[in-house]
Amino acid sequence: MMSPIEAIASWLEAQDLDLQIDVASFASFLIFEDGDVPSLSTPEQLEAVRQWLSEPELESHAAASRALTFRISMDYFVEGRTTGCGWKQTEAKLRKTLDEAKRVGKFSAARKAQRMLELLPARQARWHEVARSWNELASTRLTLKALTDGKELSYG
């Protein structure tokens with residue numbers, strides 16, 4: 001049987017690449033405290049999260065702590081993606097980017113922002129499926145009992 005952190009890594013890998021990048025972009029800011037993450041590209045952020053989840057020979061308490069940290073981060077992210085508040089911020093940022101790109105004549109950036117706005121309803125629908133999948137994993141394999149079963153979590 002997979003450990004909670006292995007279940008998380010498996011769940012992440014089962015998602016499409018765009019979703020993995022969304023998750024990694026969000027989670028990396030909450031998971032990594034060293035300040036280097038903003039300088040990473042999104043593929044590098046995804047790779048950093050993957051490595052963090054699958055570090056070999058990780059002690060059981062450290063693995064449990066990472067699983068809990070990821071769960072808390074993902075629960076927060078999913079909440080924003082399913083309640084609509086996260087999408088309102090995304091839409092506002094895209095509209096601002098579109099307006100700015102049009103104003104300064106960056107037509108490629110304007111087309112990209114316009115396309116992302118057009119795809120927003122499909123992304124929202126996809127995130128509802130992802131939220132169901134995540135919530136199922138969290139309520140079965142990532143319960144507090146599963147995360148702490150025989151392991152002490154350390155904070156600090």
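**View 1. Helices H4 and H6 are among what covers the buried residues of H5.** Covering here goes by contact, meaning heavy atoms within 4.5 Å. Helices are DSSP runs (H or I, at least four residues), numbered from the N terminus. This is a predicted model, where local features need pLDDT of at least 70, side-chain atom pairs count only at pLDDT 80 or more, and totals for chains, interfaces and linings use all residues. Residues are numbered from 1 along each chain as its sequence is written, and side-chain values use heavy atoms, with hydrogens and water left out.

**View 2. H5 has a buried side and an exposed face.** Tucked away are Gly86, Trp87, Thr90, Leu94, Leu98 and Ala101; buried means under 20% relative accessible area and exposed over 50% (1.4 Å probe, protein chains only). They sit on the same side of H5 because they cover an arc of only 105° around the axis, taken from the directions from the helix axis to the C-beta atoms. Turned away from that side are the exposed Lys88, Gln89, Lys96, Asp99 and Arg103.

**View 3. The largest pocket holds about 1100 Å³ of space.** A pocket is an open set of points on a 1 Å grid over the protein atoms alone, where a 1.4 Å probe fits, with protein on both sides within 12 Å along at least five of seven lines; lining residues have an atom within 4 Å of a point. The volume is the space filled by probe spheres set on the points, which are joined across faces, edges and corners. Of its 31 lining residues, Asp22, Phe77, Arg81, Thr90 and Arg123 lie nearest the centre. H6 gives the most to the lining, nine residues.

Conventions: Helices (H or I, at least four residues) and strands (E, at least two) are DSSP runs, numbered from the N terminus.
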